[in-house]
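Please walk me through this protein model. I would like a short briefing on its cores, its helix packing, its backbone and its domains.

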Amino acid sequence: MGDPIVYGPAYSTYTRTVRMALAEKALSYKLVEVDVMKGEGEKPEHLRRHPFGKVPALEHDGFTLYETGAINHYIDDALPGLKLTPIDHMRKARMNQIMGLIDSYLYQPAIHGVFIPRVIGPMMGQTADELKVAEKAAAADKALGEIEKLIGSNSFLVGPSVSLADTHLAPVIAYYAQTPEGEQALKKHPKLAAWWARIRDRPSFKTTAPKF
Ligand SMILES: N[C@@H](CCC(=O)N[C@@H](CS)C(=O)NCC(=O)O)C(=O)O
């Protein structure tokens with residue numbers, strides 16, 4: 001078996017999700033930077049890997065795959081290392097639920113609705129539309145409130161150890177926490193804040209940090 005190849009830029013949250021899973025499993029891999037902010041996602045060679053022009057995409061022994069959840073399930077099922085999927089059916093269902101919740105209700109408002117206008121926009125001389133940011137922060141907060149409820153008494157999102165739900169959430173919080181809205185959300189959700197302190201301390205999180 002060859003090493004997997006991950007296509008995507010280090011700054012992408014979803015690319016980092018895949019890289020965190022690989023790091024938790026202590027697997028070596030190659031990262032091929034596809035800078036979607038510079039339009040590289042639309043190049044023919046990338047569209048062959050990902051017809052929607054997004055990142056990440058995975059290539060492993062001639063098998064190509066896109067969609068982060070599917071990629072991480074494949075990595076966890078097919079490759080050796082620490083298991084990131086609980087054996088218990090209920091915990092596994094929770095893990096899948098949280099991954100879906102992040103994809104459907106958190107990523108867009110937290111990253112595109114708040115982080116980009118608050119942090120990236122000003123770097124390019126843009127001013128945030130406060131009404132829109134407040135609306136998106138409320139949507140992100142609803143999703144985070146639901147995750148707060150689902151954490152229960154767990155150290156990590158669905159149990160005592162790291163699962164694919166944790167690698168799905170950490171890169172999103174890493175950006176969201178840089179905004180005033182994200183800081184407020186962590187103050188409001190103590191279980192999430194305690195989880196954030198634990199996950200950000202892991203080597204898989206530290207070694208995948210994007211360099212700006
Ligand atoms: N549903 C996709 C979403 C991937 C996604 O939105 N990736 C972002 C980067 S984190 C991207 O490619 N953005 C560039 C663009 O939308 O053009 C997945 O789960 O992999």
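Trp-195 is in contact (heavy atoms within 4.5 Å) with Ile-151, Ser-155, Phe-156, Leu-157, Asp-166, Leu-169, Ala-170 and Ile-173, leaving aside its neighbours within four places in sequence. This is a predicted model: local features need pLDDT of at least 70, side-chain atom pairs count only at pLDDT 80 or more, and totals for chains, interfaces and linings use all residues. Residues are numbered from 1 along each chain as its sequence is written, and side-chain values use heavy atoms, with hydrogens and water left out.

**Nonpolar cores**

- A nonpolar core is a set of buried Ala, Val, Leu, Ile, Met, Phe, Trp, Tyr and Cys residues joined through side-chain atoms within 4.5 Å.
- Buried means under 20% relative accessible area, exposed means over 50%, and partly exposed lies in between (1.4 Å probe, protein chains only).
- The largest nonpolar core has 47 residues. Leu-106, Ile-147, Leu-157, Leu-169, Trp-195 and Trp-196 touch the most other members.
- At least two residues of this core come from each of α1 (13–24), α4 (89–123), α5 (130–151), α6 (164–176), α7 (180–188) and α8 (190–199). The most come from α4, which gives 13 residues.
- Helices (H or I, at least four residues) and strands (E, at least two) are DSSP runs, numbered from the N terminus.
- Why does this core lie between domain 1 (5–78) and domain 2 (89–206)? Both domains give residues to this core, so it lies between them.
- A second, separate core has 9 residues, including Val-6, Val-18, Leu-27 and Ile-75.
- In soluble globular proteins, nonpolar side chains tend to be buried together.

**Helix packing**

- Axes are lines fitted to C-alpha atoms, for helices over the stretch in contact, and angles run from 0 to 180 degrees between N-to-C directions.
- α5 and α7 have axes that come within 11 Å and cross at roughly 30 degrees. That makes α5 roughly parallel to α7.
- Angles under 35 degrees count as roughly parallel, over 145 as roughly antiparallel, 65 to 115 as roughly perpendicular and the rest as oblique.
- In this pair, Val-133, Ala-137, Asp-141 and Leu-144 of α5 meet Glu-181, Ala-185 and Lys-188 of α7.
- The axes of α4 and α6 are 10 Å apart, and these helices pack at an angle of about 15 degrees. They are therefore roughly parallel to each other.
- Among the α4 residues that meet α6 are Met-95, Ile-102, Leu-106 and Phe-115. On the α6 side, the residues include Leu-164, His-168, Leu-169 and Tyr-176.

**Backbone details**

- Which form does the peptide bond from Val-55 to Pro-56 take? It is cis, with omega near 5 degrees.
- Pro-56 sits in the loop between α2 (44–49) and β3 (57–60).
- Ala-26 has phi near 55 degrees, a positive value in a residue other than glycine. Its place is in the loop between α1 and β2 (30–32). Ala-26 counts as exposed, at 68% relative accessibility.
- Glu-67 has phi near 90 degrees, also a positive value in a residue other than glycine. The loop between β4 (63–66) and α3 (68–78) holds Glu-67. At 48% relative accessibility, Glu-67 counts as partly exposed.

**Domains**

- The protein chain is divided into domain 1 (5–78) and domain 2 (89–206). Domain bounds come from an automatic or database domain assignment.
- How far apart do the C-alpha centres of domain 1 and domain 2 lie? They lie 21 Å apart.
- The contact between them takes 15 residues from domain 1 and 21 residues from domain 2.
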